[in-house]
Amino acid sequence: MAQPETREAIDAATRILALALPEACREGVAQNLDLLRSHLAIVESCPAEDGPPNGLKP
Amino acid sequence: MSRMSSVVIAENVGQGRISTEEVVRRTLADIRNRDPHFTAFTRLFEDEAVAAARVVDARVAAGGTVGPLAGVPFAVKDLFDVAGYPTTAGALMRVDAPAAVRDAEVVRRLKAAGAILIGTLNMDEYAYGFATVNAHFGTTRNPHDVTRLAGGSSGGSAAAVAAGMVPLTLGSDTNGSIRVPASLCGVWGLRPGDGAIPLDGVFPFVEALDTIGPFTRTLGDLRSAYEVLAGVKLSSGGTPRVARLDGFFAKNASAEAVAAIDAVMGHIGSDAVVDLPQAEAARSAAFLITAAQGGALHLDTLRTRAMDYDPAVRDRLLAGALLPSAAYVKAWEVRAQWRVKVARAFEDYDILLAPATPTVAPRIDEGTILIDGKPASARANLGIHCQALSLAGVPVVAAPYSGGVLPIGVQCVTAPGREGMLFDWLERLEAEGVFTARETA
C-alpha cells in the first residue's frame, strides 16, 4: 500500500503535466513512486564531492 | 546445422561447401517446429530471408567476395527497425505503427557482412523489465528449463541463441537487458561501451543509458559480431590485471553467483578485490534516470493511451513521468562522481568481475527473488548488479560460467579501448573450460 502523502503528490504532479491518471493505475503508480523515493534517499545520502560541474550531460 | 557457430557457417558458405539457402530453410523449419516451446520469436521474414540467401549463394558461385558473416542467420529484438515492417518495441499499440523506411544501422551492417535476417524477438514492453513477461506477446521461456524465466528485457534474443535456433541475435542493454538474459540462458552477451555501436534506427528507452549488442554461443562468434557491429578490428592486448568487485556487488549474490566468481578467481590464481564506494548510489541513480527519461519519452502517449500499455510497464513509466526534476539532477551528479571512481579503478586493473544476475533463473510462477532478505520483483531487480555498471558506460561481457546446475553468468568489465585484451583473456578461459555456453536438449 502506497504512502498517503504519495497519493497527494500524485494529484499535484498530474495536474501540472495534464495527465488524467486512470483510477486503475493509481495504486501501482503510487507504489512505484514510493520505490523511486527510496532510491532518491540512497542517492541523497551520497556525500557531495568535487567533480565535473554538476554532472549534467555534456 | 542450426547449432553451427557463425564462424563455421561463414567459412563453409564462403568456400561453397554449404549453401546459404539450405542453412536458412533449415533454420526457419527448426524455429517453426521448436519456438512454440519458448516464445522467443515474434515474426519470421521467411520470403525475404530465402531471397537474401540466394543473393549470397549467387555471389559465392560467381567467385565474388562475401563478408565475414556470409550466410549466418540472425534475428533481432523487436525494437530494431526493419525496412517495411512496424517496430513494435514489444507493444501491442505499435503493431499497426507506420513501417520503418530503412533498416537500423546495425541491421544494415550485419546484412552487408553477409548475414541473413530471419525474424524479430520477444521482449518486455518498451524494454522496461528484466523478465520478458509481455502481457501482449507472451512470456519467453528459458530453454534450459521452460518453467523458468529467460530474463529480460532481451529475453527472446537470449533464448533463441540458447535453444540453438540461430547462432546470433541482437538485443539492447539499458540497465542490464543483455547481461541478465545472457546469464540466465547460459550464453555470451555483450554490452558495449558508450557510443561504440550506433543506435540509429533503434527504438529508444533511456538516452543516457541505451546500448545495443550481440548474443552468441561462442566467444569467437561474439568477437566477429562485435567487429562488424562496431566497425573495428580488435587488437590483441597484454596480460590483464583482474580483480573481483566487492561491497555492493557481493551483496544479494546467491551461492551460485558467488561460486562462479570464486571459480574464475581460483582458476587464474588471484585474490584481488576492489570495493567501489557509492556503487549502491550509482545503481539508484541509474534507476532514477531510467524512470525520468523513460517517463518523459512516453509522456504524450501516456496522456492519451495509458490503458493500452502493459499495466506493469505503464505504472513504472507514469511514476517516472511524475518524478521531481531535483531527483533527476541529483542522480546526474552521482553519475559524474561514479564515473570518476570507476575510471580510477581501471588505473590499477584491466578487468573487474561481478555477478551478472544475483541468482539463477527464477521460476515463472514465482516471479520474485530475494533482495536484502525479502522477496522482491524479479522483473525489477534481476539487474541489480548491472545497473551501476551501465551508469559507468563501460564495456561488459556477460560470460557463461560452465559449472553449476542451472546457467549463471559473470560480468567481465573493462575500460573503453581494452576490449581486445578482454576478448583475448576470455578466449583463454573459454578454451580452459571456465566459461562455456550451455547446450540445451
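Buried means under 20% relative accessible area, exposed over 50%, and partly exposed in between. The model shown in these views is predicted.

**View 1. The D145(B)–R148(B) salt bridge.** D145(B) has a relative accessible area of 23%, so the residue is partly exposed. Its side chain meets that of R148(B) in a salt bridge, with an N to O distance of 3.0 Å. Side chains of opposite charge can pair when their charged atoms come close. Over all chains, the count of salt bridges comes to 32.

**View 2. The R223(B)–E427(B) salt bridge.** The side chains of R223(B) and E427(B) form a salt bridge at 2.9 Å, N to O. This pair links distant parts of the chain, 204 residues apart: R223(B) belongs to helix α7 (residues 219-230) of chain B and E427(B) to helix α14 (residues 419-431) of chain B. R223(B) counts as buried because its relative accessibility is 15%. E427(B), with a relative accessible area of 29%, is partly exposed.

**View 3. The R363(B)–D365(B) salt bridge.** The closest N and O atoms of R363(B) and D365(B) are 3.0 Å apart, and the two residues form a salt bridge. D365(B) is exposed, its relative accessible area being 58%. R363(B) has a relative accessible area of 30% and is therefore partly exposed.

**View 4. Interface of chain B and chain A.** Chain B contributes 34 residues to the contact and chain A contributes 30 residues. About 2,800 Å² is buried between chain B and chain A, and carbon and sulfur atoms give 73% of this area. L322(B), K330(B) and W332(B) supply 20% of the area that chain B buries against chain A, more than any other three residues. Across this interface there are 0 salt bridges, while 2 residue pairs are in polar contact, both at pLDDT 80 or more. On the side of chain B that touches chain A, the elements giving two or more residues are α9 (279-305), α10 (311-321) and α11 (325-348) of chain B. Of these, α9(B) gives the most, with 11 residues. By class, that side of chain B has 20 nonpolar, 4 polar and 10 charged residues.

**View 5. Helix α2 of chain A.** Helix α2 (residues 26-44) of chain A has 19 residues, which at 1.5 Å a residue should span 27 Å; the end C-alpha atoms are 26 Å apart, in agreement. Buried residues of α2(A) include R26(A), G28(A), V29(A), L33(A), L36(A), L40(A) and V43(A). The cover over the buried residues of α2(A) includes α1 (4-17) of chain A, together with α9, α10 and α11 of chain B. R26(A) is also linked with D11(A) and E23(A) in a network of salt bridges.

**View 6. Surroundings of N175(B).** N175(B) sits in the loop between β8 (168-173) and α6 (179-185) of chain B. With 6% relative accessibility, N175(B) counts as buried. Its side chain makes a polar contact of 2.8 Å with the side chain of T290(B). Not counting residues up to four places away in sequence, N175(B) touches F130(B), R191(B), L209(B), A286(B), T290(B), G383(B), C386(B), Q387(B) and S390(B). N175(B) and C386(B) are 211 residues apart in sequence, yet their C-alpha atoms are 6.2 Å apart in space.

**View 7. Surroundings of T27(B).** T27(B) is in helix α2 (residues 20-34) of chain B. At 3% relative accessibility, T27(B) counts as buried. A polar atom of the T27(B) side chain lies 2.7 Å from the backbone oxygen of V23(B). Leaving aside neighbours within four places in sequence, T27(B) is in contact with P73(B), I118(B), M165(B) and V166(B).

View 8. G152(B) and S153(B) are joined by a cis peptide bond, with omega about 10°. S153(B) is found in the loop between β7 (145-149) and α5 (155-162) of chain B. T132(B), a residue other than glycine, has a positive phi near 55°. T132(B) lies in the loop between β3 (116-121) and β4 (133-134) of chain B, and with a relative accessible area of 0% T132(B) is buried. Q278(B), also a residue other than glycine, has a positive phi near 70°. The place of Q278(B) is the loop between β12 (273-274) and α9 of chain B. At 16% relative accessibility, Q278(B) counts as buried.

Notes:
Residues are numbered from 1 along each chain as its sequence is written. Chains are lettered from A and ligands numbered from 1 in the order in which they are written. Side-chain values use heavy atoms; hydrogens and water are left out. Contact means heavy atoms within 4.5 Å. Buried area is the accessible area (1.4 Å probe) that two parts lose on being put together, summed over both. A salt bridge is a side-chain nitrogen of Lys or Arg within 4 Å of a carboxyl oxygen of Asp or Glu. A polar contact is a pair of N or O atoms within 3.5 Å; within protein, one must be able to donate a hydrogen and the other to accept it, and residues adjacent in sequence count only if both atoms are side-chain atoms. Helices (H or I, at least four residues) and strands (E, at least two) are DSSP runs, numbered from the N terminus. Ala, Val, Leu, Ile, Met, Phe, Trp, Tyr, Cys and Pro count as nonpolar, Asp, Glu, Lys and Arg as charged, and the others, Gly among them, as polar. The expected span of a helix is 1.5 Å times one less than its number of residues. Buried means under 20% relative accessible area, exposed over 50%, partly exposed in between (1.4 Å probe, protein chains only).
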